[in-house]
Amino acid sequence: MKKAALIIACLLAFFYLQAEDLSIKKDSAAFEIKYSREAFPGDAQFVRMTVIPLKNKKEAARTKASLTLLLDGRELSSSDFYRISGNNKKNNFSVTLLAAIPLSTWWDQKDGWTLKIKCSVCDSADETLELPMTLLHKDFVSETLWLDGKNTSIKTDVSPRRQQDIEKLNAILAATDKTAVWQTAPFNAPVSSNRRTSFFADRRIYKYNTGGSTTGLHHGIDYGVPEGTEVHACARGKVVLAEDRVSTGYSVVIEHLPGLYSLYYHMSRLDVKEGDITEEGQLIGLSGCTGLATGPHLHWEMRLYMQSVSPDYFLGNFTFE
Ligand SMILES: [Zn+2]
């Protein structure tokens, strides 16, 4: 049994990893880069880069870098690298940086992708590095949800309170604190059950009991667990929201890395408050059926620079440690 589990774990690791390992030498520095040459829509692309300055060695910490994703030469999105570790040993100065870009679930072009790194080492001219990327195909589920009177009124709620909920959450998710490096090791699922009743990026049609309908994307994974099931933090981090919201009920949001947040919805009880530091696996509350829910379940979601990304991606070694 143990052997079977190990084989499955190895296969999963292979599936998630396929890390490309590059060593590139330029005028101002040597670069060691790890990233995934192949990626799926709805995942993220993390790039880990160790910079070893060749001239002003002691200035490694002043390295600045950005990552840009291009499709057929056109810039789609961009983000800055942040520091995750540094080395100041004698004659061995280096800095290790991480950057991430969310990959939309709507993208389906296989080739033509390039990751461009711009890096300025100790005030010298920018070095430019280009990494190829292939986007593999992924199918997503389409489903229709028939809402009863209660859920229809939540979904069509235009009250100031719901508007305030949305504005507050958006402001939290838009914040990028470059020093918020809480965990780079693989994350864990928040419940032990693997009974999933909805999947990440399901394309949904919500049918109102009053006749109309609307479309939407399901931004997380739904675990069909009984009310009162323990919910655990998927990783170390800082609680940035813990409150009752109109559409998502008792909710928790935790910051794990700059721009990266985990969200937990529809709970019946909260065991953390804003400002708390959670350890990976710490109890944060109990599952329930609060807010817009057709039955007891836990909704677990990950957001990277505002965009929802597949939670499963973070169960693998996404930072290439
Ligand atoms: Zn859900």
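Author: Along the chain, the donors of the zinc ion follow the spacing H-x3-D-x76-H, where donors are N, O and S atoms within 2.8 Å of the metal (3.2 Å for Na, K and Ca), and water is not among the atoms, so sites may look incomplete. The zinc ion is coordinated by H218 through NE2, D222 through OD and H299 through ND1, at 2.0 to 2.1 Å. H218 lies in the loop between β14 (213–217) and β15 (220–223), whereas H299, 81 residues apart from it, belongs to strand β22 (residues 298–304), a pair that links distant parts of the chain; strands here are DSSP runs (E, at least two residues), numbered from the N terminus.

This is a predicted model, in which local features need pLDDT of at least 70 and side-chain atom pairs count only at pLDDT 80 or more, while totals for chains, interfaces and linings use all residues. Residues are numbered from 1 along each chain as its sequence is written, and side-chain values use heavy atoms, with hydrogens and water left out.

The domain assignment (automatic or from a database) gives domain 1 (18–135) and domain 2 (142–315). Between them, 19 residues of domain 1 are in contact with 16 residues of domain 2, contact meaning heavy atoms within 4.5 Å. The two domains bury about 1400 Å², 67% of it on carbon and sulfur atoms, buried area being the accessible area (1.4 Å probe) that two parts lose on being put together, summed over both. Y82, P102 and T105 supply 36% of the area that domain 1 buries against domain 2, more than any other three residues.

Across this interface the rule finds one salt bridge, defined as a side-chain nitrogen of Lys or Arg within 4 Å of a carboxyl oxygen of Asp or Glu. D80 forms a salt bridge with K178, with the closest N and O atoms 4.0 Å apart.

Terms used:
Helix = DSSP H or I, 4+ residues; strand = E, 2+ residues; numbered from the N terminus.
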